[in-house]
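Subject: Structure handover

Hello,

Please read the notes with the model open.

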Amino acid sequence: MKNGAPVAKISAAARYLPDRVMTNADLERMVDTSDSWIRERTGIVERRIAAEGESTTEMGARAANRALAKAGLEPSDVDLIIVTTATPDRWLPSTACEVQSRIGASRSSLAFDLHAACTGFLYAVSMAEGYVAAGRGEVVLVVSSEKMSSILNWEDRATCVLFGDGAGAVVVQPSENGEGILSSFHRSDGDMADLLQRPAGGAARPLDETVLREKEHLMQMSGREVFKSAVRSMAKAGRTVLGEAGLNSDHVDLMVPHQANIRIIESTARYSRIPMEKVFVNLDRYGNISSATIPVGLDEAEEAGLIGPGSLVLMTSFGAGLTWGAMAMRW
Ligand code: UT7
């Protein structure tokens with residue numbers, strides 16, 4: 001916001017989901033779990049899993065191309081590309097540079113990765129807003145692409161049933177008619193870093209035989225602690241951004257929350273005083289796609305006619321770090 005008017009808007013949202021579906025019944029054959037436990041405790045029924053050669057870059061580039069086409073833009077129009085991912089294809093260079101090359105935007109734009117786990121999308125849209133507000137560029141592509149299947153321990157039932165693969169992308173451009181980002185709020189708590197992590201495989205403890213044998217390069221999570229913190233922080237962040245925009249929960253047309261667990265979504269909605277009819281849910285079909293959940297949700301919500309020009313959209317998210325945030329936007 002500048003002088004009470006939004007400076008940047010999301011002009012297009014798009015998604016790419018891999019074709020392969022993994023159901024709860026498939027997981028029953030892999031770990032000691034059940035369809036009823038997964039449905040009741042998480043709300044997830046099935047998720048998408050990338051094919052062997054389908055990379056984070058590939059999925060991100062497909063979503064990015066669709067978003068640009070929807071916005072009526074060419075790759076050469078893009079000034080900045082921010083890729084959010086917890087599953088970069090390589091440690092060096094950034095996945096953003098690989099996406100930039102794949103979509104044909106090399107040299108005419110700058111590209112970098114932003115890592116804020118599941119909250120990455122909202123952080124990146126805020127950075128895009130700042131870039132546009134500073135007059136540094138007019139077209140920012142935010143690409144959230146996650147190949148969670150590549151960092152899951154498929155023997156750990158407490159995590160492997162929760163996540164899926166996919167990508168979402170949005171184009172951020174200057175606002176023209178009062179639409180766009182009304183307010184946003186973001187925080188992190190590094191004291192909670194160990195609650196959701198890949199303990200080894202990075203610079204502090206590089207990959208070696210022990211790490212691989214103990215599967216310490218894969219994701220580990222203290223689910224219950226993350227759960228409690230998620231509800232508190234998302235509901236508070238949501239109230240903060242509505243208050244800052246001079247709005248309340250009655251003004252919200254659709255809440256698009258991060259999709260991690262239906263019980264987290266329902267509790268957040270209850271604390272936020274937003275009825276579930278106004279809450280977007282696709283967790284049942286995709287599981288938790290980390291930072292891609294919100295852009296995928298925006299694209300699907302628009303396609304379903306749940307949001308259109310003038311709608312007030314409230315987005316909330318949380319994830320490893322811990323990180324969390326919210327954004328209120330006039331579509
Ligand atoms: O984007 C951010 C990512 N973070 C998250 O998504 C984490 C949020 N947390 C959660 O969604 C929930 O905490 C979980 C779904 C991870 C777990 O649900 P819960 O209700 O907190 O269960 P719990 O961890 O307290 O475990 C209850 C029981 C345990 O058995 P005992 O000790 O009571 O015998 C677990 O071993 O459920 C067991 N359990 C399972 N049983 C069947 C854990 N995972 C499974 C499973 N199938 N997949």
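A cavity here is a set of grid points where a 1.4 Å probe fits but cannot get out. The model is a predicted one. By this rule it holds 1 cavity of 30 Å³ or more. The space in the largest cavity comes to about 30 Å³.

The cavity

Which residues line the largest cavity? They are V226, S229, A230, S233, F318, G319, L322, T323 and W324. By type, the lining holds 5 nonpolar and 4 polar residues, and no charged ones. Three elements, α8 (223-244), β12 (312-319) and β13 (323-330), supply at least two lining residues each. The most come from α8, which gives 4 residues.

The helix pair

Helix α8 also packs against helix α9 (residues 262-271), at an angle of about 35° and with 9 Å between the axes. The crossing of α8 and α9 is right-handed. On the α8 side the contact is made by F227, A230, V231, M234, A235 and R239. On the α9 side R263, I264, S267, T268 and Y271 take part. The residues of this contact divide into 7 nonpolar, 2 polar and 2 charged.

The four-stranded sheet

Strands β12 and β13, which supply residues to the cavity lining, belong to an open sheet of 4 strands. The order is β8-β13-β12-β11, and the pairing is mixed. β8 (180-188) and β11 (254-257) are at the edges with a single partner strand each, so one side of each has no neighbour in the sheet. On average, neighbouring strands of this sheet are turned by 10° against each other, direction ignored. Between β11 and β12 the pairing is parallel, over 4 bridges. L254 faces V313 of β12 there. Helix α5 (residues 120-133) lies across β8, β12 and β13, and runs at about 125° to β8.

The five-stranded sheet

Another open sheet is formed by 5 strands in the order β1-β7-β6-β4-β5, again with mixed pairing. Which strands stand at its edges? They are β1 (8-16) and β5 (110-114), and each of them pairs on one side only. Neighbouring strands of this sheet are turned by 20° against each other on average, direction ignored. β1 and strand β7 (residues 165-174) run antiparallel and are joined by 8 bridges.

A pocket

The last item is the second largest pocket, with a volume of about 220 Å³. Its lining has 14 residues, and those nearest the centre are P88, D89, W91, I151 and R198. The lining of this pocket divides into 5 nonpolar, 5 polar and 4 charged residues.

Regards

Terms used: Residues numbered from 1 in each chain as written. Predicted model: local features only at pLDDT ≥ 70, side-chain atom pairs only at ≥ 80, totals over all residues. Heavy atoms only, no water. 1 Å grid on protein atoms, 1.4 Å probe; cavity = no way out; pocket = protein on both sides within 12 Å on 5 of 7 lines; lining within 4 Å. Points joined across faces, edges and corners; volume = space filled by probe spheres on them. Nonpolar A, V, L, I, M, F, W, Y, C, P; charged D, E, K, R; others polar. Axes fitted to C-alpha atoms, helices over the stretch in contact; angles between N-to-C directions. Left-handed = near helix turned anticlockwise from the far one by under 90°. Contact = heavy atoms within 4.5 Å. Pairing = 2+ DSSP bridges.
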